[in-house]
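Q: I've got a model open and I'd like to learn how to read its features. Can you walk me through a few?

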Amino acid sequence: MANTSTRTLRLLSLLQTHRYWPGEELADRLGVSVRTLRRDIDRLRELGYPVEAQRGVDGGYQLAAGAALPPLVIDDEEAVALAVGLQAAADSPVEGVAEASVRVLAKIVQVMPARLRRRVEALRTMTVPVDWGAGSAGTRIDPDVLTVVALACRDGERLAFRYTARGGRPGERHVEPHRLVSLDRRWYLVAHDLDRGDWRTFRLDRLAAPRHTGARFAPRALPAADAAAYVRARLSGMPRPHRVEALVEAPAERVRAHVGRWGTVEEDTAERCRLHMTADSLDWPAMALGSLGAEFHVVHPPELRALLADWSARFGRAGAGLEEGAGE
């Protein structure tokens, strides 16, 4: 018979994998008597796990929803799936989900055995992500960079890394990390730069080889309401991405299903909607609008109207050339 602590963890794992366990079957799986099983169930309840019991000949146990989320026990396959899923969720457009995903991913990676880390890395390497538009390919983040930086923020530990500035000049940076911020499909580190003696923002797609230093520091007062406000203020003087608005002669649900998370769709009438998109390049909004199979009118910006006129003339010439060639 396993010791009490090991058996309790095994019991918790079994309860989390099945909705309902008959008492005798559960006791057999643990190699204990029904009386011992009852004591182990009581121990789980004392730890905050809401275990419900059904009495009678066919009586058994199941986990119920509680007032708070207790610790979960997961197996190797579930740990790998969770880590891979969290890496994908780190690119989520839903407010707060990206940051929360990175925090959880950092906790999991910190305690994950090397053999499982290798499996996660293999899955990530062999999975080809879908990039939409020219601006997205250069902004993908190595999950290892995210987790190392997130842990340094959490632990209040000074961080060293290589950084390529906007002008393309690489250099070494030593910082006191404060927070990670996800904004406009990019990740930013807000940190106090020790070499420059001031607060800075660092794009994580330009950050490489982050290293823990082991040196702790006392938190400094951020010169902004919060980290997100600081990043927005820093970016206010920089070139902004294109913001597109178009009226589309199609139902909102149809357009929303087509563009997915890359655009925001507002219903105008039952058969017309307003599409908003933000992109580093106008090529992607032009392709998205053209592939809708519906009439549309570009409200903003005028540069997109000019691009569509150029494409229209080019496609027209290509179509004319095909017709001429077909008659030869």
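This is a predicted model: local features need pLDDT of at least 70, side-chain atom pairs count only at pLDDT 80 or more; totals for chains, interfaces and linings use all residues.

Q: Which residues of helix 8 are buried?

A: The general idea: an α-helix has 3.6 residues a turn, so residues three or four places apart point the same way. In helix 8 (residues 227–235), the buried ones are Ala 227, Tyr 230, Val 231 and Leu 235. They sit on the same side of helix 8 because they cover an arc of only 130° around the axis. Their cover includes strand 5, strand 6 and strand 7.

Q: What about nonpolar cores? Which residues touch the most other members of the largest one?

A: In soluble globular proteins, nonpolar side chains tend to be buried together. Here the largest nonpolar core has 25 residues, and Val 248, Val 255, Val 265, Leu 275, Met 277, Leu 289 and Leu 304 touch the most other members. Strand 9, helix 9, strand 11, helix 10 and helix 11 each supply at least two residues of this core. Apart from it there's another core, of 21 residues, including Phe 161 and Ala 191.

Q: And how many salt bridges does a search of the whole structure find?

A: Side chains of opposite charge can pair when their charged atoms come close. The search finds 16 salt bridges. One of them pairs Glu 249 with Arg 272, with the closest N and O atoms 3.0 Å apart. That pair links distant parts of the chain, 23 residues apart: Glu 249 is in the loop between strand 9 and helix 9, and Arg 272 is in strand 11. Another joins Arg 314 to Asp 310, at 2.4 Å; these two are 4 residues apart in helix 11, so about one helical turn separates them.

Key: Residues are numbered from 1 along each chain as its sequence is written. Side-chain values use heavy atoms; hydrogens and water are left out. Buried means under 20% relative accessible area, exposed over 50%, partly exposed in between (1.4 Å probe, protein chains only). The arc is that of the directions from the helix axis to the C-beta atoms. Contact means heavy atoms within 4.5 Å. A nonpolar core is a set of buried Ala, Val, Leu, Ile, Met, Phe, Trp, Tyr and Cys residues joined through side-chain atoms within 4.5 Å. A salt bridge is a side-chain nitrogen of Lys or Arg within 4 Å of a carboxyl oxygen of Asp or Glu.
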